[in-house]
Amino acid sequence: MSVRVRFAPSPTGSLHIGGLRTALYNYLFAKHNNGACILRIEDTDRTRLVADAAENLISSLKWAGIEFDESPVAGGEFGPYVQSERLDIYKKYVQILLENRTAYYAFDTSEEIEAMRARLKEAGADPKYDRNSMRNQLTIGDEETNKLLALNTPYVIRLAVPDKEVKFTDIIRGEVIIHGRDIDDQVLLKSDGFPTYHLANVLDDYLMKISHVIRGEEWLPSTPKHVLLYEAFGWEMPQFAHLPLLLNPDKSKLSKRQGSVSVEEFIFEGYFREALVNFVALLGWNPTADREIFSMQELIDSFNLEKVNKGGAVFDKTKLEWMNFQYMKSIDENELAVRLMPTLEQKGYNYFDITYISKVIVLLRERVKFLHEIPDFGSYMFSAPKEFDSDYKNKYWTDDTQVLLQGLLAEYKSMNEFSHDSINEVTKKYVEDKGLKLKQIIHPVRLIITGVSAGAGMFETMEVLGKDECIKRFEYFLEHHS
RNA sequence: GGUCCCAUCGACUAAUGGUUAGGUCAUCAGCCUUUCACGCUGGUAAUAGGGGUUCAAAUCCCCUUGGGAUCACCA
């Protein structure tokens, strides 16, 4: 049997980091097994719809490197892949349930339901739908039901949950048993004609030939309803795998309020896709434990559901930051230069070439947390400093400094090759001849060239800036700021 | 509250009956040094508790405790 999995978000907002992990695990599992990964939009709740949410979801997923074999955009032979376009399908199939009496019409108003719940609560019982005391096909009979239907009375269709144990096997958790008496007579078709998640999800998974349902643990308690539906239709069930939850530092389900949770925010903050994917993949699953860095392909190669943990995992940004830094160091500098270009343009630095940018990146990548910080952290690489750190100056400046710098400038001017090695050589010889320590001159030089105390190796920095630029900065400083 | 799920350092996790309980992040100390960083070396730190089963338990079973999810005409 071929592996077919799906990621089925509802378009109610931007992609949640937990959603990203669910999508990723589906994707990894599919690719590992040469199967198909499908995207289905579950927009059956008309009240929570957010405009453009589906597009945003897809673009976040794409940013992360997750592509779908079948989707509303790519199409596929089991479409449409948007539930609101499948209404006739749901209505058609729910008839089967009505006919074999595993579902029934119910005509209760929301006020009646509310009153029922209040009553049950008063009596200390679970506020489940009390089938026998309400106005439904079971209590009023088929004839009355048909009459009400003919009068266009609003109705819903509910699942007739049998009084028996419902069992299923979860790949991650093993056998799970829940008794029917603990399951509500779930609404399958709402009065607005839209299906609920439970109906639409089961029907679509079946019709789209989904082999494995990989989703968050929050779905575990409602899985028996789905099992019952498969049984009611007489269909073979897919395999289930309920993923452990991603948690806030206080162990509650990962949510807004305790930091960023949407992928868009992480993109905005400047995380590399490689880092976020790598990090999130290792939250709840671990192939070896003696290794942290994995490319998407390596994740695909080693992924398996059996090794997914059962317990929830706290989403700890600190380690993500570390991982991001690993990618900062390892991604090719030319690639990073390309990625930095938009930021540079935004800051008005659009006249530098990729080669120069990548040299600057090599110089500064280990000194910043995010790539986009480079233009500010190393602003002196893009324009000559206008201000000079006075504390830094005071710390290393003496009465002789001015004269020493004049002499050093002359040395630099006479150089042909201006590499960090040759600058190093010339500078060291110069201070040695004067009987000084390198410290006494290199800090003033840094001040002149960069204006600030923090930065890469001085000679490397000067090499990248080039002889002419360095001399210009020397002359400017000695004229104006001494 | 009912039902279900879960439980190894502060965090992510490894060890599927036999290890001085391992690795990574964070943290602490030291080293390196041309500022800031990177890096390097080392340290602190965990099997929730109690019963079993077994020659042997982090690992299997039971109970307790703790945490979480879920209980909609939301997904």
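Lys251 sits in the loop between strand 10 (246-247) and helix 8 (263-269); helices here are DSSP runs of H or I with at least four residues, strands are runs of E with at least two, and both are numbered from the N terminus. Lys251 is not a glycine, yet its phi is positive, at about 80°. Lys251 counts as exposed because it has 9 C-beta neighbours inside 10 Å. The cut-offs behind that word: buried takes 20 or more other C-beta atoms within 10 Å of the residue's own, exposed takes 12 or fewer, partly exposed is in between, and the C-beta atoms are placed from the backbone.

A word on what you're looking at: this is a predicted model, where local features need pLDDT of at least 70, side-chain atom pairs count only at pLDDT 80 or more, and totals for chains, interfaces and linings use all residues. Residues are numbered from 1 along each chain as its sequence is written, while chains are lettered from A and ligands numbered from 1 in the order in which they are written.

- Lys209 lies in the loop that runs between helix 6 (197-207) and strand 8 (212-216), and it counts as partly exposed because it has 14 C-beta neighbours inside 10 Å.
- The peptide bond from Gly79 to Pro80 is cis, with omega near 0°.
- Pro80 belongs to the loop between helix 2 (53-64) and helix 3 (87-99).

**Overall build of chain A**

- Chain A has 20 helices and 11 strands.
- The radius of gyration of chain A is 32 Å, whereas a compact globule of 482 residues would come out near 23 Å (the radius is taken over C-alpha atoms, and the globule rule is 2.2 Å times the number of residues to the power 0.38).
- Along the principal axes, the C-alpha atoms of chain A fill a box of roughly 110 × 45 × 40 Å.
- Buried residues make up 33% of the 482 in chain A.
- Of the contacts in chain A with a separation of 6 or more, 75% join residues 24 or more positions apart; a contact has C-beta atoms, placed from the backbone, within 7 Å.
- The domain assignment gives domain 1 (89-189) and domain 2 (390-480), with bounds from an automatic or database assignment.
- The centres of domain 1 and domain 2, taken over C-alpha atoms, are 82 Å apart.

**Helix 9 against helix 11**

- The axes of helix 9 (residues 273-281) and helix 11 (residues 317-330) come within 8 Å and cross at roughly 135°; axes are lines fitted to C-alpha atoms, for helices over the stretch in contact, and angles run from 0 to 180 degrees between N-to-C directions.
- Helix 9 and helix 11 are therefore oblique to each other (under 35 degrees is roughly parallel, over 145 roughly antiparallel, 65 to 115 roughly perpendicular, and the rest oblique).
- The contact uses Glu274, Ala275, Asn278 and Phe279 of helix 9, and Lys319, Leu320, Met323, Asn324 and Tyr327 of helix 11.

- Helix 16 (residues 401-413) and helix 17 (residues 420-433) have axes that come within 10 Å and cross at roughly 145°.
- Leu408, Glu411 and Tyr412 of helix 16 make the contact with Val426, Thr427 and Tyr430 of helix 17.
- Val445 is in helix 18 (residues 438-450) and is buried, with 26 other C-beta atoms within 10 Å.
- From C-alpha to C-alpha, Val445 and Arg339 are 31 Å apart in space, and they are 106 residues apart in sequence.

Definitions and conventions
Contact = placed C-beta atoms within 7 Å.
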